[in-house]
There are 10 protein chains.
Amino acid sequence: MEFMVSIEIRTPADLDPERLAALQAAETVRARELVEQGTLRRIWRIPGRRANISLYEAPDATALHAALSSLPLFPFMDIGVQALAVHPVEQQPAEVAAAS
Amino acid sequence: MEFMVSIEIRTPADLDPERLAALQAAETVRARELVEQGTLRRIWRIPGRRANISLYEAPDATALHAALSSLPLFPFMDIGVQALAVHPVEQQPAEVAAAS
Amino acid sequence: MEFMVSIEIRTPADLDPERLAALQAAETVRARELVEQGTLRRIWRIPGRRANISLYEAPDATALHAALSSLPLFPFMDIGVQALAVHPVEQQPAEVAAAS
Amino acid sequence: MEFMVSIEIRTPADLDPERLAALQAAETVRARELVEQGTLRRIWRIPGRRANISLYEAPDATALHAALSSLPLFPFMDIGVQALAVHPVEQQPAEVAAAS
Amino acid sequence: MEFMVSIEIRTPADLDPERLAALQAAETVRARELVEQGTLRRIWRIPGRRANISLYEAPDATALHAALSSLPLFPFMDIGVQALAVHPVEQQPAEVAAAS
Amino acid sequence: MEFMVSIEIRTPADLDPERLAALQAAETVRARELVEQGTLRRIWRIPGRRANISLYEAPDATALHAALSSLPLFPFMDIGVQALAVHPVEQQPAEVAAAS
Amino acid sequence: MEFMVSIEIRTPADLDPERLAALQAAETVRARELVEQGTLRRIWRIPGRRANISLYEAPDATALHAALSSLPLFPFMDIGVQALAVHPVEQQPAEVAAAS
Amino acid sequence: MEFMVSIEIRTPADLDPERLAALQAAETVRARELVEQGTLRRIWRIPGRRANISLYEAPDATALHAALSSLPLFPFMDIGVQALAVHPVEQQPAEVAAAS
Amino acid sequence: MEFMVSIEIRTPADLDPERLAALQAAETVRARELVEQGTLRRIWRIPGRRANISLYEAPDATALHAALSSLPLFPFMDIGVQALAVHPVEQQPAEVAAAS
Amino acid sequence: MEFMVSIEIRTPADLDPERLAALQAAETVRARELVEQGTLRRIWRIPGRRANISLYEAPDATALHAALSSLPLFPFMDIGVQALAVHPVEQQPAEVAAAS
């Protein structure tokens, strides 16, 4: 099942710059692991913001939460999740007939 | 997987009263079928409104959409869906240990 | 009477980690007591957030407030409460006849 | 238990004026019955709007919904309900001691 | 003239606990004085929140502001005020005739 | 007592043009009467909208509602009212001393 | 040209009380200068809030910004500006004819 | 003085297609006249919407309203206006010195 | 360049069912053409709603508008567009070095 | 491609005044460079706010993000971006014919 995930990153202004740099490096490593596992399928940056939209694949919302909360910057993220259903345009013809 | 579903019903003011009564009767029949299937687990009325909050169980968002769109009043519904994750308070002790 | 309760947890970024861990452990203990008393009937996590939706049973809003404010993390919670009415789909047939 | 109820009345622009007048007369009759029963304790008009704020007393949200949906203009109302808890300033001293 | 007043209390997380306790005790004393003067006619707690809805009686908005800003917790309050008009259901029959 | 009043006018698209013109002419006449009575003290147009902001003087919210609902276009208005308190900058020096 | 200006004042909770008192005194002095210049034509307090609505007269938005940013509390203000057009009810008859 | 103007066009679904086409043709003619007069300086389409953002130059909000309400589709427009001040980056060096 | 596009479909309640069916069939045909052109890269259904989220690839916002307005149901769509930037997690290592 | 960019600047209240002044000077220098490159085409101040609306020209959203994040005050900015399509009123006649 796919989920569209919107993430704003709000690190506090007084966060130690070295700790922030370390967190960001760890964040990129963990994000790439999620890409390799097939959990994080796409990620786009919102221009002008410390924010992104991501497409996740997870068995259910509990597994999605586990993936999101494994991100090193998770404590500083404001996250919105939209569960996605398959759209008929992407369904195979046989599926469309069955669903209609 | 569970979903919390918020539904507002907005039938047009000029809907034929007999057709509305027939739709409402069919709606109750279909809702009870979803209860018996284990898809619709709880339903509460929002006091003062033609609205409800419902707890659905479905394999994924595609199956949830199929259940919701099978309701006779679906064309007149404004629906919001919140995917739900398991909360640690409801997990078995072994699960909590595994997730922490 | 049932209430749907939405809770966001906003502990300050500079909260002492040991105090936070102690608060979270006490929170779980108190939540399980409320479950055993029949006050907290269900609880779900909002994926991606430090937030939950809970179903409470309480005689009235005053008793509900007492239950919520007994939670150790209450000072850090942003809480919304929705009073719930019985929905006809869950009523017994005799009740439906009486209410219609 | 008390509830604060916000009501906006939105009768359609093309409603027959005689039917509207009859509905409004019946609304006043029913509102006064609710006052006499002790269900509708106070009602105020929002200046400039076809709207009011009302204070209801009802055993629970199901009984409140029954009272609200008994109003002749109910099909044209947009209603919001806020469940109210007792405030310590209005409690008897003994209650305050017990609750603190 | 009556006003419906919504108050959220937002004391900072690092407020000295003794000062907070002193402010809350002084708040209750002042609130009871306003009750005795007939200025604060009713007060309800919003369940789950450090918030209340109150019914004030004051000659005008300037006098209302003086009453609200006399509360010891006023610097920590986020306040909304709704001016209230008399509703015909509460008017005497003679008034209704004159107003219609 | 003064009130700031925001008015949006929403006449239906299918309103008979002659009736609309008659309503608008009557609206101007009634507005000028309110100006002459000292009830409507200022009125500004919101550029680009069929909307205005107005400054009313009325003894209380009940009298304000009577003035607003006397406007011929009242059934088509969406109105917001803000009760206004005197600001110290406009008070006489003696008043400031008394209020501080 | 006139502008309706809404101002919320949000001084930080930990601002030095003496500095705050000095800022407020300087604010009143500057506001009265703007009144004398004809720039600040009216000012009302929002009851219950550290907020006001003001009516400014300025040649354009650049001059308005210069006036607002000359206020000593400007760094702590959250300001909204609404440009105002002349309303036909306040126009001279000749202007109304020309504009229609 | 410049204004940023946001326009949504909401023609009713049952508007006669010929009348709509005539209105749109007249709209383009009038918009080009405003361009030639120097009143409408730029106009952009919001992708995916029947909406635009426009940059207007007008002596004041009253003249701006006259320009906007001269558009043939004005009765079907939902318009928002933002008054604009000169930004220091666009000021001449001498102006910056004078304004600082 | 990629765009995330949110679409709500709001066909009027009184639309002729045959015309609606024809529009929906044409919509699917056109959507599949956009898929084949590489313009519409992904499309998901929002569960419970007549709504979707889509990922488009277009040279710029003008080309995106042309694609969206070529959809047969476009007159009944409420569309929001979010321009997307490349996220470093999806960049090639050389690009990341160049951008940092 | 053009983008309309809305920027609010929120420097923390306790930012060192010298560092703030240095950042603002560097901001002006960088903004003028973007003007000279043709990236920042117009910039307007929102009166009463530390905010601006800007018109950017960039090949795509990735390049726009690079330009915005090159601004020295970027860490303190809350930025919204609206992708802009060409409006027919600004198209050449040949383009209009091709697009219709």
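How many salt bridges does the rule find across the interface of chain B and chain C? I looked this up at the outset, and the rule finds four. For my own notes, a salt bridge here is a side-chain nitrogen of Lys or Arg within 4 Å of a carboxyl oxygen of Asp or Glu.

**Ground rules**

I'm working with a predicted model, where local features need pLDDT of at least 70 and side-chain atom pairs count only at pLDDT 80 or more, while totals for chains, interfaces and linings use all residues. Residues are numbered from 1 along each chain as its sequence is written, chains are lettered from A and ligands numbered from 1 in the order in which they are written, and side-chain values use heavy atoms, with hydrogens and water left out.

**Entry: chains B and C**

I picked one of the bridges here: B:E2 pairs with C:R42, and their closest N and O atoms are 2.8 Å apart. I reminded myself that side chains of opposite charge can pair when their charged atoms come close.

Next I looked at the contact itself (heavy atoms within 4.5 Å). Chain B brings 26 residues to it and chain C brings 26. The two chains bury about 2400 Å² between them, with 61% of that on carbon and sulfur atoms. In chain B, the residues that lose the most area to chain C are B:W44, B:R45 and B:V89, together 25% of what that side buries. Buried area, I noted, is the accessible area (1.4 Å probe) that two parts lose on being put together, summed over both.

I also looked up polar contacts and found 14 residue pairs between chain B and chain C, both residues at pLDDT 80 or more. Such a contact is a pair of N or O atoms within 3.5 Å; within protein, one must be able to donate a hydrogen and the other to accept it, and residues adjacent in sequence count only if both atoms are side-chain atoms.

Which element gives the largest share of the side of chain B that touches chain C? I found that β2(B) does, with five residues. By class, that side of chain B has 16 nonpolar, four polar and six charged residues. In this scheme Ala, Val, Leu, Ile, Met, Phe, Trp, Tyr, Cys and Pro are nonpolar, Asp, Glu, Lys and Arg are charged, and the others, Gly among them, are polar.

Then I followed the strands across the gap. β5(B) and β2(C) run antiparallel and are joined by two bridges; B:V86 has C:W44 as its bridge partner in β2(C). Strands (E, at least two residues) and helices (H or I, at least four) are DSSP runs numbered from the N terminus, and two strands pair if DSSP finds at least two bridges between them.

**Entry: inside chain C**

Why did I call strand β3 (residues 51–57) of chain C largely enclosed by the rest of the structure? Six of its seven residues are buried, so that is how I logged it. Buried means under 20% relative accessible area, exposed means over 50%, and partly exposed is in between (1.4 Å probe, protein chains only).

I traced the neighbours of β3(C) too. β1 (residues 2–9) of chain C pairs with β3(C) in the antiparallel sense over seven bridges, and C:V5 stands opposite C:S54. β2 (residues 40–45) of chain C also pairs with β3(C) in the antiparallel sense, over five bridges, and there C:I43 stands opposite C:S54. β2(C) and β3(C) make a hairpin with five residues between them, and C:G48 in the turn has a positive phi of about 90°.

- B:E57 and B:R41 form one, with the closest N and O atoms 2.8 Å apart. B:E57 is in strand β3 and B:R41 in strand β2 of chain B, 16 residues apart. B:E57 is partly exposed at 26% relative accessibility, and B:R41 is partly exposed at 41%.
- G:R49 and E:D78 meet at 2.7 Å, N to O. G:R49 lies in the loop between β2 and β3 of chain G and E:D78 in strand β4 of chain E, so the pair joins two chains.
- F:R49 and F:E8 meet at 2.9 Å, N to O. F:R49 is in the loop between β2 and β3 of chain F and F:E8 is in strand β1, so the pair ties together parts 41 residues apart in sequence.
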